[in-house]
Amino acid sequence: MGTDSDRGQPLDDVTVLELGNIVAGPFASVMLADLGAEVAKVERPGSGDVLRSAGEAGPPMFDALNRNKRSIELDLKSDAGREAFLDLAERADVVVENLGPGVADRLGIGYDDLRERNPGLVYLSIKGFLEGPYGDRTGMDVVAEAMSGLMSMTGEPGRKPVRVGTSIADMGAAMYGAMGVLVALRERERTGEGRKVDGPLFEAAASWMGYWATYADRYGRDHPALGASHPTWALYDVFRVGGEDEWLFVGVTSERHWPALCRAIDREDLLADERFETAEARLDRKAELTEVVAEELRDRDRETVLAALLAEDVPAAPVNDPSDLVDDDHLAAVDLLAEFESAEDDRRLRTVMTPIRGDGMAPVQRRDPPELGEHTEDVLRDAGLDEDAIAALRRRGAFGGE
């Protein structure tokens, strides 16, 4: 943990400069870092990434999204800081930025500025929207969730729309962006040329809503919010089992699952109930069936019911809390739990790494989340600057007022 000894990963010859803040940019580059890329996070002197000081949730979010990176402080509004960034970008393979629309260009570090010095550079720009009618709008996760239809489909029918319980649009943009980076790096092997890659929040969320858009297009109406259900199947929902806060998902998605469910909950009499005789009949009486099963499960022990359902190969799962993940036996067994020392203090914390696995390929936790500016001089030395050059940058204010 927190060392540089693990090499031989797929991206260990890729250098990344991250101009990332909050979620989208940092999530894109931590995926690359988990697979071996050398990521230098460029932060504003004195304050750094907004998450470092964003209340109770900010520091753990920062830690989870900025493992395996080094931090360098640069004042990009100063001539010296901008020159240092340009020198670093000249030697980088990838730049990742999620600054506001037009900010990178105004600072003189946009794609056109950088490719003049480094034609092979792959430049990932994560924004709220692609260029178009919405292109100048400020983007954020909830904006994308709202505009894409994702928010209207989330929550219970008849109640107000709600956002997903994580920054799903930010992360979607980051995932598409990281995929674009890998495609561009592959293309560079053939052409020697880099390119700009877009990672848009709205369009990422919209693509995930594609089949619901097609549904609306076909029937001339939108489907109501789903809750935990799905219109294609009955039974398919979450049920309170045992304690007040204990919930269990059960999904009956094939003819084989229906008798298996009945056996698992000791209600084989339901197989003779003509109301639920066929999949079509169960779907027509979905609310009735759901209530029958809900009443049956309400006073049972969740672990006992879950074991019986899994023994019958019925899709079922406990509704876990995030706290359950850091002690999850399966995640531990497949080596996806990273342990690190927090950037805020010396507390040891855990999170879930990038789940990209294959023969001889896996994510590795190599570095603790960095303190602000912890690696400024190291990164510059690696880029070829000597002590005199670094000292000159410092005198000229490249690292902020000191």
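Residues are numbered from 1 along each chain as its sequence is written, and side-chain values use heavy atoms, with hydrogens and water left out. Since this is a predicted model, local features need pLDDT of at least 70 and side-chain atom pairs count only at pLDDT 80 or more, while totals for chains, interfaces and linings use all residues.

**The chain overall**

The protein chain has 17 helices and 11 strands; helices (H or I, at least four residues) and strands (E, at least two) are DSSP runs, numbered from the N terminus. Along the principal axes, its C-alpha atoms fill a box of roughly 85 × 45 × 45 Å. Of the 402 residues in the protein chain, 45% are buried. Here buried means under 20% relative accessible area, exposed means over 50%, and partly exposed is in between (1.4 Å probe, protein chains only). Take the contacts in the protein chain with a separation of 6 or more: residues 24 or more positions apart account for 67% of them. A contact means heavy atoms within 4.5 Å.

**The parallel strands**

Back to where we started. Two strands pair if DSSP finds at least two bridges between them. Strand 1 (residues 15–19) pairs with strand 2 in the parallel sense over four bridges, and strand 1 also pairs in the parallel sense with strand 4, again over four bridges. Val 16 has Val 94 in strand 4 as its bridge partner. From strand 4, four bridges lead on to strand 5 (residues 122–127), and those two run parallel; Val 95 stands opposite Tyr 123 in strand 5.

These strands are well wrapped up. In strand 2 (residues 38–43), six of its six residues are buried: Glu 38, Ala 40 and Val 42 on one side, with Val 39, Lys 41 and Glu 43 on the other. Strand 4 (residues 94–97) is also covered on both faces, with Val 94 and Val 96 buried on one side and Val 95 and Glu 97 on the other.

**A buried arginine**

Arg 67 sits in the loop between helix 2 (58–65) and strand 3 (69–73). Arg 67 is buried, with a relative accessible area of 1%. What does its side chain do there? The side chain of Arg 67 makes a polar contact of 3.0 Å with the side chain of Asp 34, and it reaches the backbone oxygen of Ala 64 at 3.2 Å. (A polar contact is a pair of N or O atoms within 3.5 Å; within protein, one must be able to donate a hydrogen and the other to accept it, and residues adjacent in sequence count only if both atoms are side-chain atoms.) Leaving out residues up to four places away in sequence, Arg 67 touches Val 30, Asp 34, Phe 340, Met 353 and Arg 367, among others.

Two packed helices are described by the angle between their axes and the distance between the axes. Axes are lines fitted to C-alpha atoms, for helices over the stretch in contact, and angles run from 0 to 180 degrees between N-to-C directions.

| Helix pair | Angle | Axis distance |
|---|---|---|
| Helix 6 (residues 141–148) and helix 7 | about 90° | 7 Å |
| Helix 7 (residues 168–191) and helix 8 (residues 201–208) | about 95° | 8 Å |

Helix 6 is therefore roughly perpendicular to helix 7, and helix 7 is roughly perpendicular to helix 8; angles under 35 degrees count as roughly parallel, over 145 as roughly antiparallel, 65 to 115 as roughly perpendicular and the rest as oblique. Asp 141, Ala 144 and Glu 145 in helix 6 meet Ile 168, Ala 169 and Asp 170 in helix 7. On the other contact, residues of helix 7 including Ile 168, Gly 172 and Tyr 176 meet residues of helix 8 including Leu 201 and Trp 208.

In the loop between helix 9 (210–219) and strand 7 lies Leu 235, joined to Ala 234 by a cis peptide bond with omega of about 10°.

Asp 266 has phi near 60°, a positive value in a residue other than glycine, and is exposed, with a relative accessible area of 62%.
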